[in-house]
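Subject: Structure for you to look at

Hello,

Here is the structure I promised. Please open it beside this email; my notes follow.

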Amino acid sequence: LAFPSSGHDPEYDSDYSRSGLYFSGGGYFALVTSSEGFASAETFSWNPNPSLDFRVGWRESERLALELDFGWIPSTDGIEYGNWLLGANAKFFFAEHRVQPYLIAGAGAMWARPPGARSSKVDWAFRQGSGVDYYLGHHWALSAETTFVWGVGEMWKNYFMAVNLAAIYRF
């Protein structure tokens, strides 16, 4: 009886945790509250919204990826309302194989204008959550992620919880 010296044989398994550039795009379902502190805005409530998310990232090592993130949560009341998010994230991976669970943390700017508000506000926002990438092959992966994004300063008490489904292309 012989056992291989390593559980990972690169000849039979793609290098899913290799360093390199990637693009990600997807949609998410966001539960949003962004009415606190806005003149004439509708009352505070959690509203479900379909949303879009686009990311460009760099996988630095088996355990770390850095990415720029653009998210848009439109409002059913028109394009001038809703939330915009532009930020930077770090992903910390727990595995290097086809299935890769991770934690995500990020910071950036959030713009918000809830329905009924006279103007929009912008300030810092932070993201934390967890997710999993599933590699279909050497270049393509699917991702599922849940995060909580919260604002500070002018955006205090304006936040959202998101469940994100995305496709990833790795170079």
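Is Phe 126 partly exposed or buried? Phe 126 is partly exposed, because its relative accessible area is 29% (buried means under 20%, exposed over 50%, partly exposed in between; 1.4 Å probe, protein chains only).

Some ground rules. This is a predicted model: local features need pLDDT of at least 70, side-chain atom pairs count only at pLDDT 80 or more, and totals for chains, interfaces and linings use all residues. Residues are numbered from 1 along each chain as its sequence is written, and side-chain values use heavy atoms, with hydrogens and water left out.

Overall picture

The protein has eight strands and zero helices (DSSP runs, numbered from the N terminus: strands are E, at least two residues; helices are H or I, at least four). Buried residues account for 39% of its 171 residues. Take the contacts between residues at least 6 apart in sequence: 62% of them join residues at least 24 apart (contact means heavy atoms within 4.5 Å). The accessible surface is about 9200 Å², and carbon and sulfur atoms hold 66% of it (Shrake-Rupley method, 1.4 Å probe; for residues, only the protein chains shown count as cover).

Confidence

The mean pLDDT is 83, and 78% of the residues score at least 70 (pLDDT is the predictor's confidence in each residue, from 0 to 100). Residues 2–9 fall below 50; this stretch has two contacts in the model beyond near neighbours in sequence. Where pLDDT is low, the predicted coordinates should not be read in detail. Strand β6 (residues 121–135) has the highest confidence, at a mean of 94, and strand β4 (residues 78–93) the lowest, at 86.

Back to Phe 126

Phe 126 sits in strand β6. Leaving out residues up to four places away in sequence, Phe 126 touches Gly 106, Ala 107, Phe 148, Val 149, Trp 150 and Val 152. Ala 88 is 38 residues from Phe 126 in sequence and 9.5 Å away in space, C-alpha to C-alpha.

Cores

The largest nonpolar core has 12 residues, including Tyr 28, Ile 73, Leu 85, Met 110 and Phe 160 (a core is a set of buried Ala, Val, Leu, Ile, Met, Phe, Trp, Tyr and Cys residues joined through side-chain atoms within 4.5 Å). Two or more of these residues come from each of β1 (20–33), β5 (99–113) and β8 (159–170). β1 gives the largest share, three residues. Another core, of nine residues, lies apart from it; Tyr 16, Tyr 102, Ile 104 and Ile 168 are among them.

Aromatics

The whole structure holds nine aromatic pairs (Phe, Tyr and Trp rings, six-membered ring for Trp, with centres within 6.5 Å; planes under 30 degrees apart are stacked, over 60 edge-to-face, the rest tilted). Phe 23 and Phe 171 are edge-to-face, because their centres are 5.6 Å apart and their planes at 80 degrees. Phe 23 lies in strand β1 and Phe 171 in the segment after β8, so the pair ties together parts 148 residues apart in sequence. Trp 140 and Tyr 169 also form an edge-to-face pair, at 4.9 Å centre to centre and 65 degrees between the planes. Phe 23, Trp 140, Tyr 169 and Phe 171 form one aromatic cluster.

Charges over rings

Arg 59 lies over the face of Phe 93, 3.7 Å from the ring centre (NZ of Lys or CZ of Arg within 6 Å of the ring centre and within 35 degrees of the ring normal). Lys 91 lies over the face of Tyr 102, at 4.5 Å from the ring centre.

Best wishes
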